[in-house]
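Student: Could you take me through one part of this model closely, with the cut-offs behind each term spelled out?

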Amino acid sequence: MRRNAVSSLLKASITVIGFLSLLSCTAHYAVNPRLDFKVRENPFRDKLESPTKSDELFLILAFSGGGTRAASLSYGVLEALERIEIPLQGEDRSPREAPARHTLLDEVDLITGVSGGSFTAAYFGLHGRNAFRDFRETVLLQNLQSGLIGGLFNPVNWVRLWSPHFGRSDMAQEYYDRKIFHGATLGDLASGKGPAVIILATDANDGIVFPFIPSQFALICSDFEKFPMARAVAASAAFPGPLTPIVLKNYAGQCHTRVPAWVTNALAKPDPASRTYQKAVMTKTYLERDTKPYIHLIDGGVSDNLGIRGIIETIAAHGGIRDVIKDERLARTRRVVFIIVDAQAQERPRWRLFDEIPGLAAVLGASSTIMVNKYNYETMDLLRRYAQDWAHKDAPSDDKPIEIYITHVTFASLPDKAQREYFQGIPTALTLPEDQVEKLREVAGKLLYSEESFNRLVADLGGKVPGP
């Protein structure tokens with residue numbers, strides 16, 4: 001009898017081990033689908049040419065990284081824009097085209113999202129104003145961090161994570177899809193109720209920005225519209241170390257995609273000092289499937305925590321802001337607006353107060369913060385310099401000059417030192433207490449409304465910034 005029990009236990013153990021081994025061998029990340037047909041030129045075109053938007057205004061929001069701190073601040077800016085009513089700009093508008101209530105939020109044409117900011121950007125792009133109904137509860141107050149950590153305690157995931165083809169970010173993708181995005185794809189984002197949205201990650205192989213846009217997917221002959229929304233956000237928020245890279249397969253050369261003209265032109269005249277040439281060289285790497293068969297994506301904040309450098313480089317590559325506007329059939333545009341929502345933290349480690357040598361983890365954490373903060377400054381400086389250059393080049397034009405407004409929403413603008421240090425000290429995490437979420441939403445409007453460039457924009461549009 002005893003021998004039979006031992007035998008049964010042994011058989012059961014072998015069966016379980018066999019099952020777990022099979023599960024480990026079959027665990028694999030979701031492979032991005034190959035493009036089986038010609039890519040749509042620009043699935044966001046209808047959004048950019050919407051009759052409910054002003055012809056003369058092009059408004060860009062950039063949501064930085066920073067976990068739930070960034071997601072909350074970005075959401076607060078959306079709420080602040082919704083409170084500002086303006087008349088619809090442009091010519092030949094019939095009364096029927098003008099909505100009963102038109103706000104500055106209606107004028108948002110494009111949102112870029114990095115890491116924590118990508119959650120807000122993606123959700124608003126999918127749901128539009130409906131995001132105001134449930135984003136707070138679905139994302140901001142959701143204990144996403146505990147949910148991800150809890151997944152690591154699931155024995156099934158232990159086995160899956162043994163596989164070299166399945167990582168912690170793949171598990172995060174499944175969790176985000178289950179809790180937030182419910183099967184939505186980038187195609188759903190392109191046809192969503194909100195403005196055009198670009199989620200940004202970092203290509204870890206070359207340290208460059210990887211934008212989730214149709215033209216980028218066309219380079220690698222992959223189907224943009226079938227790519228899971230949750231996977232794009234998981235890539236954008238794949239902070240190195242705690243989370244693993246998201247892997248994409250490169251199908252370059254297996255579809256009928258043309259090399260962009262600006263890339264061909266730039267490579268024909270090599271100029272190492274040219275930003276356009278350097279961008280063309282990096283873009284060409286995606287066309288070389290033999291040397292780059294796979295693309296490994298990590299947190300977008302590694303290459304551009306503000307989510308604005310890609311736009312700067314694209315405008316520069318096309319010759320200037322007026323050339324880009326003409327390419328996008330937005331010839332009536334007279335005002336281009338950049339609102340950068342920067343949730344930059346300013347960590348003050350305890351070890352700075354002692355004469356002890358800090359550990360490796362502490363030094364790496366401090367180094368990461370220093371690099372991101374420094375890079376943020378350089379990005380803002382680059383944007384302002386390019387804006388001056390674009391305005392200078394545009395001045396001799398026979399067309400009416402394009403005016404550029406740059407608004408930088410940052411905790412560093414808070415005049416009160418204690419308040420400034422409070423917000424800069426909120427940790428970069430995927431879970432925050434409700435009171436911190438509410439304070440971030442509230443301070444977003446205060447920061448936005450206090451910016452001189454933003455007040456000038458609202459006044460030029462015939463609107464009024466709300467009082468305290």
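Tutor: What follows looks at one helix and then at its setting in the chain. This is a predicted model, in which local features need pLDDT of at least 70 and side-chain atom pairs count only at pLDDT 80 or more, while totals for chains, interfaces and linings use all residues. Residues are numbered from 1 along each chain as its sequence is written, and side-chain values use heavy atoms, with hydrogens and water left out.

The part in question is helix α6, residues 144–152, where Leu144, Leu148 and Gly151 are buried (under 20% relative accessible area with a 1.4 Å probe, protein chains only; exposed is over 50% and partly exposed lies in between). Helices here are DSSP runs of H or I with at least four residues, strands are runs of E with at least two, and both are numbered from the N terminus. Viewed down the axis of α6, the buried residues fall within an arc of 55 degrees, so they line one face of the helix; the arc is taken over the directions from the helix axis to the C-beta atoms. An α-helix has 3.6 residues a turn, so residues three or four places apart point the same way. The cover over the buried residues of α6 includes α4 (116–127), α5 (131–140), α7 (155–160) and α8 (168–181).

As for the setting, the protein chain holds 20 helices and 8 strands, and 50% of its 468 residues count as buried. Among contacts (heavy atoms within 4.5 Å) with a separation of 6 or more, 80% join residues 24 or more positions apart.
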